[in-house]
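My entries follow the order in which I looked things up.

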Amino acid sequence: MAYCVKCGEKVEDTAVICPVCGAMIPDTEAKDQSSGFDGYTYNTYHTYYDPQTRAGYFPENEVRNNKLMAVLCYLGILVFIPVFVGDRQSEYLKLHKNQGLVLFAVRVLLNAVERYRGWSAGIFGWFTGGLLDTAVDIVQFIMLILFIIGIVYACRGTKNELPVIGKVRIFK
């Protein structure tokens with residue numbers, strides 16, 4: 001049984017035209033004998049997802065059961081919902097709880113620096129020329145990017161750690 005290269009529908013091996021979309025079906029015997037490559041593969045079924053070769057991913061059922069909790073880990077104070085209620089045995093959720101808590105702690109620290117630097121802003125501002133404000137803004141922007149990357153990793157179910165903070169372990 002062959003497949004149409006245009007619509008993917010199964011067609012008889014002797015078919016010249018696809019009965020569904022009307023596209024020409026190439027002669028597979030002539031194609032097999034030629035050494036040229038035109039980017040098409042005929043008479044084969046491609047598996048783009050093979051559960052046996054998911055080396056960089058967590059098990060599919062673990063991701064499916066904990067995906068919402070993993071995403072909550074990257075939404076600020078909501079990180080405490082998975083910490084207290086989430087599955088304690090899930091390695092997938094442990095990774096995202098660790099990273100979410102570290103991001104939350106750094107964010108709280110940055111907010112404290114930004115809020116309480118006012119009493120010394122005159123002294124530091126005079127010496128640094130506003131360098132502290134710029135540094136805090138840059139770090140906050142980097143934190144935003146890390147939050148987004150963490151959500152993407154959580155949704156995809158990958159075992160990737162976030163850059164810079166991924167090695168910090170709160171939950172073993």
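Below are my notes, entry by entry.

**Ground rules**

I am working on a predicted model, in which local features need pLDDT of at least 70, side-chain atom pairs count only at pLDDT 80 or more, and totals for chains, interfaces and linings use all residues. Residues are numbered from 1 along each chain as its sequence is written, and side-chain values use heavy atoms, with hydrogens and water left out.

**Layout**

I started with secondary structure. I took helices (H or I, at least four residues) and strands (E, at least two) as DSSP runs, numbered from the N terminus. The chain has six helices and two strands. Read from the N terminus, the order is β-β-α-α-α-α-α-α.

Next I looked up burial. I call a residue buried under 20% relative accessible area, exposed over 50%, and partly exposed in between (1.4 Å probe, protein chains only). Of the 172 residues in the chain, 30% are buried.

Then I checked contacts, meaning heavy atoms within 4.5 Å. I took those between residues at least 6 apart in sequence, and 54% of them join residues at least 24 apart.

**Cores**

Which residues have the most contacts inside the largest nonpolar core? I set the term first: such a core is a set of buried Ala, Val, Leu, Ile, Met, Phe, Trp, Tyr and Cys residues joined through side-chain atoms within 4.5 Å. The largest one holds 26 residues, and Y74, V79, Y92, L103, A154 and L162 have the most contacts inside it. Two or more residues come from each of α2, α4 (91-116) and α6 (131-156). Helix α4 gives the largest share, eight residues.

Leaving out residues up to four places away in sequence, Y74 touches H96, Q99, G100, L103, F147, G150, I151, A154 and L162. I also found a second, separate core of six residues, with A2, C4, V11 and I25 among them.

**Cysteines**

How many disulfides does the structure hold? With a disulfide taken as a pair of cysteine sulfur atoms within 2.5 Å, I count zero. C18 is in no disulfide, and its nearest cysteine sulfur, in C7, is 3.7 Å away. C18 is buried, at 3% relative accessibility.

C21 is partly exposed, with a relative accessible area of 29%.

I used C21 as a reference point for G8. The two residues are 13 apart in sequence, and their C-alpha atoms are 9.7 Å apart. G8 sits in the loop between β1 (2-3) and β2 (10-11). At 43% relative accessibility, G8 is partly exposed.

**Charge pairs**

Side chains of opposite charge can pair when their charged atoms come close. My cut-off for a salt bridge is a side-chain nitrogen of Lys or Arg within 4 Å of a carboxyl oxygen of Asp or Glu. The structure holds four salt bridges.

I opened the E60 and R64 pair. Their closest N and O atoms are 3.4 Å apart. Both residues are in helix α2 (residues 60-72), and because they are four residues apart, about one helical turn separates them. E60 is partly exposed, at 40% relative accessible area. R64 is exposed, at 55%.

E161 came next. Its salt bridge with K167 has closest N and O atoms 3.3 Å apart. The salt bridge between R169 and E161 is at 2.3 Å, N to O. Shared partners join E161, K167 and R169 into one network. E161 is partly exposed at 26%, K167 is exposed at 68%, and R169 is partly exposed at 34%.

**Surface**

I then looked for patches: residues with over 30% relative accessible area and no salt bridge, like charges joined within 9 Å and nonpolar side chains (Val, Leu, Ile, Met, Phe, Trp, Tyr) within 5 Å. L75, I77, L78, I81, F84 and V85 make a nonpolar one of about 570 Å². V85 lies in helix α3 (residues 80-85). V85 is exposed, at 58% relative accessible area.

Terms used: Areas by Shrake-Rupley, 256 points an atom, 1.4 Å probe, with all protein chains shown as cover.
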